[in-house]
Amino acid sequence: MTVSEPVSATRWLDQEDQKPLVQIKGVTKKYGDVTAVDNVDLDIYPGELFCLLGGSGCGKSTLLRMLAGFEELNSGTITIDGVDMSNVPAYERPTNMMFQSYALFPHMTVEKNVAFGLEQDNVPKRDLADRVHEILKLVELEDFKKRKPKQLSGGQRQRVALARALVKRPKLLLLDEPLAALDKKLRKQTQFELANIQEKVGVTFVVVTHDQEEAMTLASRMAVMDSGRFQQIGTPTEIYEFPETRFVADFIGTANIVEGRVIEEGADHLSVETEIGDVFIDHGHSVSAGSRVWIALRPEKIRLEKTDSPANSPNEVAGVIDDIGYLGETSLYKVRLENDQIIDVTAPNQSRPMNRSHRITWDDKVKISWDASSNMLLTS
Amino acid sequence: MTETSEHIDTAPVPARRGIMRRVQDSWRQIITIIPFFYLLVFFLAPFFIVAKISLAELAIASPPFTSLIEWTDSGVMTIRLVFDNFIYIWEDSLYLDTYLNSLKISITSTVICLVFGYPIAYGIVRSGPVAKPILLFCIILPFWTSFLLRVYSWMGILADQGTINNLLIALGVIDEPIRMLYTEFAVYIGIVYTYMPFMILPLYANMEKLDGSLNEAAADLGSRPANTFFKVTLPLTIPGVVAGCLLVFIPATGEYVIPDLLGGGNVQMIGRVLFNEFSRNSDWPVAAAVAIVLLVLLVVPMMVFQNFQGKASEDQ
């Protein structure tokens with residue numbers, strides 16, 4: 001396999017002068033009364049590793065299968081590299097898919113499995129052997145080429161499936177939960193391998209996953225899906241640090257979400273009166289005073305201080321330690337506020353508890369505080 | 001002191017484990033003995049009785065054959081094996097022709113069952129969740145009526161004055177009834193009809209196990225539906241094809257009722273010959289020899305099947 005030239009480092013950043021490889025416009029898919037995919041629009045650019053993230057039944061797999069040509073659209077269009085796919089059957093599309101179950105042909109050896117796609121294109125014999133060899137080298141399976149899928153481990157099968165999908169040099173590679181069948185340790189290792197391979201071959205990847213950590217590690221951009229719609233599309237950082245809805249804030253990582261009302265709207269700040277106290281936000285949002293909003297706070301962005309003194313400024317609340325989850329590198333503290341609301345706070349365990357007990361423990365009076373910039377303001 | 005107490009502490013544990021293992025082992029032995037015992041009593045013993053009769057001579061006695069073991073006056077035991085029956089079967093072309101005709105009919109019927117059964121099984125596997133149990137039920141439904149009754153009703157359908165001829169005459173398609181009953185055609189109808197479920201069910205069971213995403217994977221890799229069928233579906237359903245074919249071929253070869261009722265005297269199959277030798281001619285030794293030869297004929301495809309199954313299970 002000829003490794004194409006390194007992909008530009010800013011592949012998804014300068015989108016203005018780039019033509020999207022995949023254009024999804026107003027795509028809807030219904031099964032009877034159930035709308036699996038509801039009027040979605042999406043552009044995917046060449047060289048991207050795009051993740052579709054969502055819970056089960058959110059429509060992410062259906063969307064992927066529509067790209068592959070296994071599902072018909074009820075309405076909308078899918079264009080790949082400028083060609084409308086409506087009348088292109090799966091076997092003529094410039095896409096290849098890696099199936100969740102891998103779908104390796106059990107009666108064929110690794111070599112035959114990988115060669116299958118090339119044989120369909122009538123690639124000359126010599127060329128075919130070279131390309132099979134090269135791709136098996138890429139996924140480090142040369143020594144296993146004479147084996148049947150049954151004689152391989154889960155991780156090896158996963159790599160055969162990847163090789164089989166990559167060997168045809170598709171314009172678009174579709175991966176349906178590519179790592180779900182692997183155990184946790186192997187999954188972590190394979191995440192990076194997958195990203196490296198994608199960078200090496202320069203093929204555009206669309207990955208479906210329900211695992212947010214996997215999406216964050218792999219994706220150059222990702223879309224969070226729920227009930228057939230995109231909740232938010234952006235880079236992992238954008239999605240995690242700047243969620244637009246309560247759903248996204250809660251789905252990606254953990255978030256303490258409190259309800260409130262805007263009491264003052266300044267040019268560069270907002271004051272919000274919430275159920276846990278006053279919150280001051282120093283970054284510009286234009287939300288008119290009086291409107292109902294939600295503040296989301298990441299547990300790792302909250303500071304914890306053992307003190308008896310009451311809270312006396314915005315972004316500061318007093319409480320009592322209700323529960324502690326000791327995770328080794330960090331601890332999760334559940335802080336009960338005066339109104340009985342629980343706020344999750346995580347803190348790194350930066351010093352060893354030499355007397356075998358922690359500095360902050362059950363029923364300690366504490367004060368939690370956070371930066372004005374840590375408030376994630378949500379309007380829906 | 002400490003040594004002895006340790007000894008007392010640890011000793012009972014391995015002993016108990018030993019008993020458990022022995023109980024477990026003996027259970028395993030009992031469980032494997034049951035099928036062996038079954039085969040011994042209901043298959044191997046009758047087989048040896050038949051083999052014994054085939055090596056005896058016809059006699060006017062009850063049972064109508066000579067004993068293999070004879071005692072001379074001086075008290076010496078002699079065993080007399082008579083191979084005349086086998087020589088007789090080989091030399092009389094009636095038997096050879098009948099064997100060949102039986103094989104012809106059973107092989108042809110098997111092929112017809114496969115040609116029609118494969119798409120039916122495939123269709124059932126691909127059918128929706130509502131249709132599938134209904135279709136499967138329809139395949140099994142005929143078993144609820146006696147096999148004999150169903151063959152009799154075919155007589156009514158195929159006879160000169162039967163349903164089909166009456167209908168065609170009433171419609172003015174034909175003037176004279178078409179002769180169908182007591183022809184080879186009727187025997188084919190009967191065998192294909194009777195044994196079709198035995199082809200469809202193993203094929204269905206085999207196809208049902210196939211991962212549907214294999215077809216999608218093939219399509220995704222650029223394979224057209226017909227190519228996918230020959231390169232993926234067919235090779236993976238070969239175990240089902242072999243099982244179905246044997247389940248049709250083996251009983252069809254020795255079939256007696258269908259050629260007797262639907263073929264009359266015009267279609268010679270080995271099952272009828274065997275029955276006639278046994279009951280009408282009361283020639284048990286020849287009948288037994290006919291049965292032994294039939295068994296040997298059928299053992300060959302069985303062994304091929306065994307070999308195939310072994311290989312297939314290695315694959316998947």
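Tutor: Two strands pair if DSSP finds at least two bridges between them; helices (H or I, at least four residues) and strands (E, at least two) are DSSP runs, numbered from the N terminus. This is a predicted model, where local features need pLDDT of at least 70 and side-chain atom pairs count only at pLDDT 80 or more, while totals for chains, interfaces and linings use all residues. Residues are numbered from 1 along each chain as its sequence is written, with chains lettered from A and ligands numbered from 1 in the order in which they are written.

Student: Thanks! How many bridges join strand S9 of chain A to S10(A)?

Tutor: Strand S9 covers residues 221-226 of chain A, and S9 and S10 run antiparallel. The number of bridges joining S9(A) to S10(A) is five.

Student: In what order do the six strands of the open sheet in chain A stand?

Tutor: The pairing in this sheet is mixed. Strands S6 (95-98) and S10 (229-234) of chain A each have a single partner strand, so one side of each is left without a neighbour in the sheet. From one strand to the next, the twist averages 20 degrees. The order in chain A is S6-S7-S8-S3-S9-S10.

Student: At what angle does helix H1 of chain A run to S7(A)?

Tutor: Helix H1 (residues 60-68) of chain A lies across S3 (49-54), S6, S7 (172-176), S8 (204-209) and S9 of chain A. Helix H4 (154-166) of chain A also packs on the sheet, touching S6 and S7 and making about 175 degrees with S6(A). Such angles run from 0 to 180 degrees between N-to-C directions, with axes fitted to C-alpha atoms, for helices over the stretch in contact. For H1(A) and S7(A), the angle is about 145 degrees.

Student: How far apart are the C-alpha centres of domain 1 and domain 2 of chain A?

Tutor: An automatic or database assignment sets the domain bounds, giving domain 1 (22-247) and domain 2 (255-378) in chain A. Four residues of domain 1 are in contact with five residues of domain 2 (C-beta atoms, placed from the backbone, within 7 Å). The C-alpha centres of these two domains of chain A are separated by 39 Å.

Student: Which element gives the most residues to the side of chain B that touches chain A?

Tutor: The contact takes 19 residues from chain A and 16 residues from chain B. On the chain B side, helices H9 (212-220) and H10 (225-253) are the elements that give two or more residues. The one that gives the most, with six residues, is H9(B).

Student: Why does Glu177(A) count as partly exposed?

Tutor: Glu177(A) is in the loop between S7 and helix H5 (184-201) of chain A, and its phi is positive, near 45 degrees, although this residue is not a glycine. A residue is buried if 20 or more other C-beta atoms, placed from the backbone, lie within 10 Å of its own, exposed if 12 or fewer, and partly exposed in between. Glu177(A) is partly exposed because the number of other C-beta atoms within 10 Å is 19.

Student: In which loop of chain B is Tyr182(B) found?

Tutor: Tyr182(B) has a positive phi of about 65 degrees, though it is not a glycine. Tyr182(B) is partly exposed, with 19 other C-beta atoms within 10 Å. Its place is the loop between helix H7 (163-170) and helix H8 (184-209) of chain B.

Student: What percentage of the residues of chain A count as buried?

Tutor: Chain A has eight helices and 20 strands, and its C-alpha atoms fill a box of roughly 80 × 55 × 40 Å along the principal axes. Of its 380 residues, the share that counts as buried is 37%.

Definitions and conventions. Two residues are in contact if their C-beta atoms, placed from the backbone, lie within 7 Å.
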